[in-house]
Amino acid sequence: MSSDDPRAISANPTVNTQARTEVPRRDVERRSPHSARRASDRGNNRPLPASVLTPPTPPPPPHLDDYGAIVGQSQLDTLRYLAKEFKGKTIKMVNSTAVGGGVAEMLNRLVPLLSELEVLTHWDVITGGNDFFEVTKAFHNALHGAPYQLTQAAKDIFLMYNEQNRRRMQFGEDLVVIHDPQPAALVLSRPHTPAHWVWRCHIDLSNPNPGVWEFLRPFVAQYDTAIFSSQSFTQQLPIPQYLFYPCIDPLSEKNKELADSQVQQICDEFGIDRSRPIVTQVSRFDRLKDPVGVVQAYKLAKKYIDCQLVLAGGGASDDPEGATVLQEVKEAAGNDPDIIILDLPPWCAVQINAIQRASTIIVQKSLKEGFGLTVTEALWKAKPTIASAVGGIPNQILHKLTGVLVHSIEGCAFQIRYLLTHPEFARSIGSSGREHVKENFLMTNDVKRWLLLFRILEQAKGQLSHAA
Amino acid sequence: MATAENLAEKSALRKPQKPFYFNNSEHLLRIGRQRASDLSALLQALQTVPDDCIFQHTFRTLQEHHFIRQGFSNDFAHWSLFACNEPALAEQFASVDVREFTAIEGLRRRMVEILDEFLQSHNMSGSRPAHEPFYFCAADIVVLPTAFCADTLKAFLDGLNQVSVHSIHHHFIEARLRLHRMSNDFSQWLESEIGLREAADAIERIDIYANTMEGVRRQIARIVSQSIH
């Protein structure tokens, strides 16, 4: 999911974090204003403007009716109709963190919207010590395919904290949704509850470490159903599997409409010239996002056509590897005044929004990717988008229809040239890209999917009881 | 210019006995167990997957991509081109008009025929690994009522203009699988309840592959408006 929004901390009215003993270190650092003291480069290492150095006050969360102008009244009618039969029923969402991370960001929006539809939704966060989160972090990496030797001690820690949480939590709701592997073993409570149990897996399980997956699989198999973010992220399981795409909130600071004057002001602050073509990649300074490859592609394209390159992201000040990658990017950029490197603090959602809106083309040249919500954000802004065919990106970019898929630096360079010189084609794929997002990847789609799933599970239970 | 038949049709307009209920179908995508990593595996799977998988990758995918005016017709064509680099096969798959079928079985047979013939004349293509597998999916469908129910042509137009494009797809494209005939809910109602046979025929002839679903909506509305005035 997209980068974390620290404002979620105060914007979330429903999360139960009572027993969380410790906020993960990365979350603390993300809230620190000191992390904003970093440089913005346009050849001359100019500092970031003062306006981005402190987190802004979070806006109030939107209401369902606010989405009407975007998705249409008929979509809201559908949500209300679907929700009607669940009035009085309850849902519990359980994950491992209340702040930071895409899952928390998504739950921050989903939970209030479901509750506004009178499907009362509780959000619980599991607790654990450092040892638990070290184990689950290692599991997370191993499930993404990293080498890992699963030990009995790691299994014991995982099971002990899951058991502690299981005893602490009540599961009196009608639908229990467990997010990701960390709390997966809570399903052991299932036989004692009337609820439907759903495992929502947000990570890519296509190539998991066999030891960790074989350990977790028996827990997953006990759920009524599992949900994945892409067909390619799944594993063979004895339970039904559904596809829920990750979603963006069109009313969030990162995606809401902005006045052109605000876009202009932010571009002026960063030294971005809107009178010339702007090619942008928004991502952490991480090798898997290949920012150096983007610089190389830009340089190849620049031989033929004038443009600027904006690399906007974060992660360099609280991640040693990020700082190294940032340095590599600066070296690759050399003294080209048209390459603008912005290492932004995590609360710069409006600034990212404005940069995306000002861009002529958006690039996401990742070498590996989860779903790639930065691509979703670009498509939502109707931007012609060039992205690598990795992870969940092909779900979003249908080649030459909703964007352009590339497989190399040279391919990326060519597509930059092509899109900059064929504005009508660029506009057409940008416009289809926005429709694709509206159809599949907005928060209201997520609400609808949960209501549809609830209905399908209830129907299945009804049929089973009837047959019995 | 109004033809004699046209004028006769207008004069024969009648008040419907049954109103038109606009419904909407919503779908939840279920990930199937079968996948194909090359064209031979696709052929085998096409013959055995449940009907709802064929429905998903043809009728439903057209709905999912309703906003694309050209270049997308079904998932088999898309995969053949972008994962298997077989443009000739992709063109053949893409040429299949789902509206020529009133049952999934016929559509499945047509897809199998196309692929089988292609593999017979392209021996090497069958086992060449695709860039990415084809994942067979299916949809759990929930049909929901909308707030629109038309007992006049004006109310029909109001509903038509306000329902979601999914409702248009439900009545205009999926309908033939329900009706088991080469028609759609709109044409059926306009002809049987109002007596607008020519308009019903014109609506049935709208090319869904050269239009977005919004474009289809506009064309239906234009045809019905012309019938009224």
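Student: Which residues point one way from strand 11 of chain A, and which the other way?

Tutor: Start with the general idea: in a regular strand the side chains alternate between the two faces of the sheet. Here, A:Ile339, A:Ile341 and A:Asp343 point one way from strand 11 of chain A, A:Ile340 and A:Leu342 point the other way, and all are buried. Before we go on, remember that this is a predicted model, where local features need pLDDT of at least 70, side-chain atom pairs count only at pLDDT 80 or more, and totals for chains, interfaces and linings use all residues. Residues are numbered from 1 along each chain as its sequence is written, and chains are lettered from A and ligands numbered from 1 in the order in which they are written.

Student: How should I read "strand" and "buried"?

Tutor: Strands (E, at least two residues) and helices (H or I, at least four) are DSSP runs, numbered from the N terminus. A residue is buried if 20 or more other C-beta atoms lie within 10 Å of its own, exposed if 12 or fewer, and partly exposed in between, with C-beta atoms placed from the backbone.

Student: Why is strand 11 of chain A described as largely enclosed by the rest of the structure?

Tutor: Because 5 of the 5 residues in strand 11 (residues 339-343) of chain A are buried.

Student: What does strand 11 of chain A pair with?

Tutor: Two strands pair if DSSP finds at least two bridges between them. Strand 10 (residues 308-313) of chain A runs parallel to strand 11 of chain A, with 5 bridges joining them. A:Gly313 has A:Asp343 as its bridge partner in strand 11 of chain A.

Student: And which strands flank A:Leu175?

Tutor: A:Leu175 belongs to strand 5 of chain A and stands opposite A:Ile91, while its bridge partner in strand 6 of chain A is A:His196. Strand 5 of chain A is joined in parallel to strand 3 (residues 90-95) of chain A by 4 bridges, and pairs in the parallel sense with strand 6 (residues 196-200) of chain A over 5 bridges. Both faces of strand 5 of chain A are covered.

Student: Which strands pair across the two chains?

Tutor: Strand 8 of chain A and strand 1 (residues 20-36) of chain B run antiparallel, joined by 2 bridges. A:Gln241 stands opposite B:Ile31 in strand 1 of chain B.
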